[in-house]
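Biologist: Please take one part of this model and go through it closely. I would like the contact between the two chains, told from one side.

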Amino acid sequence: MSTSVLYDAPGPRARRRSRIISVVSIAVILGLLAAAAWRLGQQGQFSPELWSPLFWPGDDDFVTVWGRVGTGIRNTLLAAAAAIALSLAIGVAVTTTRLMLGRGGRLPVVVLVELLRGTPVVVLIFFSGKILPALGVGLDTFWQLVIGLTLYNSVVIAEILRAGVAALPRGQREAGLAIGLTKRQTLLTIQMPQAFRLMLPALISQLVVIVKDTSLAGIILTGPEELLRIGEQLRNFFGNPLQVAILLIILFVTINVLLSRLATYVERKLSESRSKVSSDLDVDADQVADATTADDRRTDAGDASGHGRRVRARPGALSRRSPASRPTQSANSVGPDDRRAWRTTSPDNPGG
Amino acid sequence: MSVLVDNIDLFWEGFLRSLEIIVFALVGSLVLGTVLAMMRVSPAPPLQRFGSLYVALVRNSPLTVMLFFTAFVLPALGFNAEFFWLGVLGLSLYTAGFVCEAIRSGINAVPAGQAEAARSIGLTFGQSLGQVIMPQAFRSVVPPLGSVIIAMQKNSAILGVFGVGGDLLSVGNRLISAQGFAVSVVFLGVWVGYLAITLPTGALLGLLERKVAIVR
């Protein structure tokens, strides 16, 4: 962990102090929780009829409620899936256009990307819900939501992919051009697939953002019944905002944590298949030590390229490192130092 | 187009209202986020756990749920405040989770040798954090923190529709639904309004980033 860098292995005095801090902070946290619970109890928030329709399978309304919740989950996921699919397609097209055109030609694309990126996604959803019907496009509200989400996310994804292409070693493109591929072929068959792989974790965390943003559908007057709208309905019916809020948080966190798990899993698979290529690669002991600390820090910094796979140390085997393995390695490390990659791929973006 | 010209003062009011929300939420989220980041790197495990639990919850649920919480749950619990402040509170609580992560990533981006050097010359935890790590961390934190701030500015639009009212998007909404103006023109006004906030911020942050960047 990173935190261990900040202080030594504690001695007796430091241990005592940190125990005291721990006890005090536990006491403070518990105290706050107890105060909150007491307050809740006073307000009668623990009365079973507020909780049981949502959480107790024996309740008469439980089946109906979860039927509605199921609808909500389905619509949320469907909208997110449709939005990510469309955004990916458009994002690839935008990036390709941008990278293919010359300095002057790409200007309109750059301007459009910047303008859309600077707009709140909620504004885009709101107006896609207003403008489309005004133009006589008779799509239902589900697709209005999807289009709003797509307008914003396609340029975000375009930027992610562009960062991915930029992070590739220059040799990849040069090699493509050298064997006689055109610029477009190089881009589509050599650079893009690698950029896509490189940025897969960032793309999946963008999916998390999209899942969260589907809850903005409420802004469309008769929007699709995604999770938040279902929550509103439940709140109106049972009059239990706290319990509904808890239910919504549980559902969203579960969905998104599962998605993040998927991202980590995919990422590990990718780095495994990559290291298979270079499995003969051996590095001397010093380098292993360096590399592991660097890796720990990198994953902590929110960067997605956790190729924390340890290479078995075999002293003196340095000479066996083939130069061909270098691109693979640097392609894997979009560290926090890469400013451009940072800005667009940081999973720490609050979305929207 | 005359809609824009005739209602320019309405748009201007909405713009100012949005700025107001943004400024309060900026202060709130920076303070809360820094406190959370301190908790997460502190030597006390309970504080670390609390910090990471908070961040995990906030980052994985939508802002709307947080607003649902501050706007409906808090009043139901007898915590009454003006709706504006409930909204700002929600936005601050939400953004704080991301600010925390941005700052923490900055702390982690400081090379380990710096902390080791600070410790080896006998600085305490507080001293090494305050005089060696933090000054460097803040510099590398500018890009990620910047994108968090820009995202927060955009998220402020959600407050308006959630009932805070009076901000740019709700002005647009009123012009369309109550007075039946052409949607696309109103959209243009609202769009330009938000761009007038986000684009200059982006440019400023870019300048700042170049100014404080350290080459490692």
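**The chain B side of the interface**

Modeller: This is a predicted model, and across the interface of chain B and chain A the rule finds zero salt bridges. Polar contacts do occur: eight residue pairs are counted between chain B and chain A, with both residues at pLDDT 80 or more. On the chain B side, the elements that each give two or more residues are α2 (8-41), α3 (45-60), α4 (63-76), α5 (83-109), α6 (112-120), α7 (125-164), α8 (168-177) and α9 (183-212). Of these, α7(B) gives the most, with 14 residues. Sorted by class, the side of chain B that touches chain A holds 46 nonpolar, 14 polar and seven charged residues.

As for extent, 67 residues of chain B are in contact with 65 residues of chain A. The size of an interface is often given as the accessible area lost when the parts come together. Here the area buried between chain B and chain A is about 5,800 Å², and carbon and sulfur atoms give 69% of that area.

An unreviewed UniProt entry places the feature "transmembrane region" at residues 21-41, 53-77, 83-103, 157-176 and 182-208 of chain B. Two of these spans can be described from the model. Residues 21-41 of chain B are 100% helix and 0% strand, and their end C-alpha atoms lie 30 Å apart. For residues 83-103 of chain B, the end C-alpha atoms lie 30 Å apart, and the span is 100% helix with 0% strand.

How values were computed. Residues numbered from 1 in each chain as written. Chains lettered and ligands numbered in written order. Predicted model: local features only at pLDDT ≥ 70, side-chain atom pairs only at ≥ 80, totals over all residues. Heavy atoms only, no water. Contact = heavy atoms within 4.5 Å. Buried area = accessible area lost by both parts, 1.4 Å probe. Salt bridge = Lys/Arg side-chain N within 4 Å of Asp/Glu carboxyl O. Polar contact = N/O pair within 3.5 Å; in protein donor to acceptor, adjacent residues only side chain to side chain. Helix = DSSP H or I, 4+ residues; strand = E, 2+ residues; numbered from the N terminus. Nonpolar A, V, L, I, M, F, W, Y, C, P; charged D, E, K, R; others polar. UniProt positions renumbered as here; feature names shortened; annotations may be inferred.
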